[in-house]
Amino acid sequence: MNNYFKKTPMAFCGVALCVVMAGCGVDKGDDSIKSTPGVYPSNGHVIPSNVAFRISLTPEARKHPGSTYSFTIYKDAARKETLASISGVREQGAGSVFWVPGSDFIIEPNTQYWWEWKDSAGGQSGLLYFFAASYQGGKPISPRNGGFMDRNLKNDPILGVSHIYSGPGLSPTYDFQLFADAGATALLKEINGVEQAVNANHTRVYPQVNLSEGSTYYWRVRINAPGVSSEWSKLSSFTVVDFCSINGPAYASYAIDWTPKRCANYLTPRLRNTRLATGPPNAVSKPEYDGFLSLDYGGEVILEMGATVVDHPGGDIHVYEFVSTEILEAFIGPTESGPWTSLGVGWCHIYCEFDLALVGASYTRFVRVVDRGTEALYCHETSGSDIDSVTWAKPAPSPGACNNPWW
Ligand SMILES: [Ca+2]
Ligand SMILES: [Ca+2]
């Protein structure tokens, strides 16, 4: 939201802090990237963004045992903007050194960071860097585990992975395996070294196999990126079905993926729960503020409906946006990872209504909502559109609506 739940003092304090720090403590010293064993995060590696961030040095990483240490995290390779820093950190126990920046610094997903450490005897690491993984961190999301493949895709199925990291500076690749059995012995297709899609949060592959309606299949993905375990993901299953035959409530029932952008570390932790955008409308106003997912400015969420939405005269999908009036764009697609077709942009107060007929679509199970707000210049606890619920506006049976692909 824009106007009702700002934590202005925090936001402005943050800006002022950055300005002050950028004007001092900028080191013009050694810029070389060195391999530094025993250092976490390891140089150039991808690290999880959903756990408390820490920096650590093992005894072998130290240059002058018995020193005290300073750590600085930067937003840029030029060390112009300091995000967090500390000095006087002492070695613990057997010589390890730890720093947990705590609430002053929370990792934002899909972001590159630079940092360095120095010891009190003149030793220094040089500039190091790491990448913070996306919210879903390279999971197989399309089809979701236990989900569905449209029978209209049975001869041209699509698999999709959530990127391990979508920001600049790193280009991971992915391996896919598709099986006919839960024991992962009947391999239908393996595709290796798939390059990550540019300017996207998910990468799709087309295994080019023929699947059978009513059958269940199994697939998994492997990520090739520095610092990421190269083991296969757990097997994920899906069944090929007529989408109009799926029973379920007339609202979004599954949160597939959420990708915040630049304000992720300001969002209230309890409002980062993607399930808050599923179920019927239930958002709660302040002071409790609950029941909605703050997308972040430019952020997006992908949801799967309970019952498949079919086209009826007039609007078909309601996107409930809580409290204030914000701008968002709704998309539909044949899978959890698209490809996406826009239903248009709306300024949403209570809800925005979207009509499938606008793009000639007869049905959809998947809805992608993207925040299009750009007017706010600073981050706060509910940055971006606040998605309470996505519903099917006119639930009614429509046999045969899913018989043919519309895309
Ligand atoms: Ca319609
Ligand atoms: Ca809700």
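Colleague: Let's start with E4: how many of its 7 residues are buried?
Modeller: 5 of them, and E4 is mostly covered. A residue is buried if 20 or more other C-beta atoms lie within 10 Å of its own, exposed if 12 or fewer, and partly exposed in between, with C-beta atoms placed from the backbone. The strands (E, at least two residues) and helices (H or I, at least four) are DSSP runs, numbered from the N terminus.

Colleague: And what are we looking at?
Modeller: This is a predicted model, where local features need pLDDT of at least 70, side-chain atom pairs count only at pLDDT 80 or more, and totals for chains, interfaces and linings use all residues. Residues are numbered from 1 along each chain as its sequence is written, while chains are lettered from A and ligands numbered from 1 in the order in which they are written.

Colleague: OK, back to E4. In which sense does E4 pair with E5, and over how many bridges?
Modeller: Antiparallel, over 6 bridges; strands pair if DSSP finds at least two bridges between them. Tyrosine 74 stands opposite threonine 82 in E5. E4 also pairs with E7, antiparallel over 6 bridges, and there serine 70 faces lysine 118.

Colleague: What sits in the loop between E4 and E5?
Modeller: Arginine 79 is in that loop. Arginine 79 has a positive phi of about 60° although it is not a glycine.

Colleague: Why does arginine 79 count as buried?
Modeller: Because it has 20 C-beta neighbours inside 10 Å. Asparagine 110 also has a positive phi, about 55°, without being a glycine. Asparagine 110 lies in the loop between E6 (97-99) and E7 (111-119), and counts as buried because it has 23 C-beta neighbours inside 10 Å.

Colleague: How about valine 89, which strand is that in?
Modeller: E5, residues 82-90. Valine 89 is partly exposed because 19 other C-beta atoms lie within 10 Å. Leaving aside neighbours within four places in sequence, valine 89 is in contact (C-beta atoms, placed from the backbone, within 7 Å) with Thr68, Tyr69, Phe71, Val97 and Trp99.

Colleague: Which residues touch the most other members of the largest nonpolar core?
Modeller: Val301, Val319, Ala330 and Val367, out of 93 residues in that core. Strand E20 (residues 317-333) gives the most to this core, with 9 residues. A nonpolar core here is a set of buried Ala, Val, Leu, Ile, Met, Phe, Trp, Tyr and Cys residues joined through C-beta atoms within 7 Å.

Colleague: What does valine 367 touch?
Modeller: Not counting residues up to four places away in sequence, valine 367 touches Ala252, Leu303, Met305, Ile317, Ala330, Ile332 and Val390. A second, separate core of 6 residues includes Cys263, Ala264, Leu267 and Tyr297.

Colleague: Last one: how is the chain divided into domains?
Modeller: Into domain 1 (31-132), domain 2 (140-241) and domain 3 (252-392), with bounds from an automatic or database domain assignment. The centres of domain 2 and domain 3, taken over C-alpha atoms, are separated by 25 Å. In terms of contacts, 12 residues of domain 2 meet 10 residues of domain 3.

How values were computed: Contact = placed C-beta atoms within 7 Å.
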